[in-house]
Amino acid sequence: MTDGIGPERDGLRTVAANLRFLRKKKDALRFLTDAQLEETVRSAEDELSSPPTPEEAAELFSSVGGEDFVSFCSAVSRVYSGRTGQTSSDSERDLQEAGAGEPVRIAYLQNAFSDRAYRVFSSKLGGSGQVAAVYFPGFREVAEEVYSGRCSHAILPTASSEDGQIVSFRRLIGRFDLKITAATDVSLDDERTMRFVLLRRRLPSPPWSASFMDISAVPTDELSAGDLLSACERFGAVLISANSHPSGPEEDRNVLDLTFDLRSADSFALYLFLEGSHARYETVGSYELL
């Protein structure tokens, strides 16, 4: 038995050395590929906007015969790093925007918990004297007030720590095409919490500068749910929650309601990918958790 120990150890050392070589080779090839992609983008800078639009990125990718649009979008983002996106102060100004100097009117169904959410949101929107609460007897009326423009914002609950996403409220948000601009978790006087969101009719233009993003996406033959989630993960977006529901009576595909943490993500590359790949998606929220 002792005769076989030496050759066996030599074999293991060889395998380990080969694995190290393969890892180094893979890293070197990735580095070379990234460098080539960045050089391709830089050589086309004179023909592109600053930063490039998703259409320009997709057209350049197609013209050079690219095979991996995710890597290409990351390369574009690296080349234009520091020249994209909003600043945090831009995001704060958008949240505080009331429109035409008029007081902010926030519609919601009043109870002890929504009052707590209102106090959190109103403090970020200008505080007492600049923000007015407007109460309604039902959640549909709350959503209608913002959709009609009679109120600038609305507050709705969207999830609980016990049951997860409340699908009926997510559908109500979609039905009235409202957008999540802030969120807060309110204690329900025990160990449970309820998430409330602040809604309005529009979001800042992407790329997103906020920490969290909600999208509704419909998988297609060209971009499956797995491909979409894999791409988002490669950009550094962390999937927090995913829910599925039918897209309509005549549709054979489900809508995916996805929430991502973007704090470590390359948001500009993600934006280029979603728009340039013609993904069937809609941004439902771009927000901070207050």
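**Reading the model**

Guide: Begin with the inventory: the chain has nine helices and ten strands. Keep in mind that this is a predicted model. Of the 290 residues in the chain, 42% are buried. The chain exposes about 16,000 Å², with carbon and sulfur atoms supplying 49% of that area.

Visitor: Among contacts between residues at least 6 apart in sequence, what percentage join residues at least 24 apart?

Guide: The share is 73%.

Visitor: How many cavities of 30 Å³ or more does the structure hold?

Guide: The structure holds one. About 60 Å³ of space lies in the largest cavity. Among the residues that line this cavity are A217, P219, L228, L256, R280 and Y281. The lining of the largest cavity has eight nonpolar residues, two polar and one charged.

Visitor: Now a helix. Which residues of α7 are buried?

Guide: The general idea comes from the geometry: an α-helix has 3.6 residues a turn, so residues three or four places apart point the same way. In helix α7 (residues 167–175), the buried residues are F169, R170, L172 and I173. They lie on the same side of α7, because they cover an arc of only 155° around the axis. The exposed residues G174 and R175 are on the face of α7 turned away from its buried side.

Visitor: R170 is in helix α7. What does R170 contact beyond its neighbours within four places in sequence?

Guide: R170 counts as buried because its relative accessibility is 10%, and the cut-off for buried is under 20%. Beyond those neighbours, R170 is in contact with Q165, D214, I215, S216, D257 and V284.

Visitor: Is F260 buried or exposed?

Guide: F260 is in strand β9 (residues 254–261) and is buried, with a relative accessible area of 1%. C232 is 28 residues from F260 along the chain, and the C-alpha atoms of the two are separated by 8.7 Å.

Visitor: Which backbone angles deserve a look?

Guide: D177 has a phi near 50° and sits in the loop between α7 and β5. D177 counts as partly exposed, at 40% relative accessibility. H278 also has a positive phi, of about 55°, although it is not a glycine. H278 lies in the loop between α9 (267–276) and β10 and is exposed, with a relative accessible area of 66%.

Visitor: Which residues does a cis peptide bond join?

Guide: The bond joins S50 and P51, with omega about 0°. P51 is in the loop between α1 (5–43) and α2 (54–63).

Technical notes:
Residues are numbered from 1 along each chain as its sequence is written. This is a predicted model: local features need pLDDT of at least 70, side-chain atom pairs count only at pLDDT 80 or more; totals for chains, interfaces and linings use all residues. Side-chain values use heavy atoms; hydrogens and water are left out. Buried means under 20% relative accessible area, exposed over 50%, partly exposed in between (1.4 Å probe, protein chains only). Helices (H or I, at least four residues) and strands (E, at least two) are DSSP runs, numbered from the N terminus. The arc is that of the directions from the helix axis to the C-beta atoms. Contact means heavy atoms within 4.5 Å. Accessible areas come from the Shrake-Rupley method with a 1.4 Å probe; for residues, only the protein chains shown count as cover. On a 1 Å grid over the protein atoms alone, a cavity is a set of points where a 1.4 Å probe fits but cannot get out, and a pocket is an open set with protein on both sides within 12 Å along at least five of seven lines; lining residues have an atom within 4 Å of a point. Grid points are joined across faces, edges and corners, and a volume is the space filled by probe spheres set on the points. Ala, Val, Leu, Ile, Met, Phe, Trp, Tyr, Cys and Pro count as nonpolar, Asp, Glu, Lys and Arg as charged, and the others, Gly among them, as polar.
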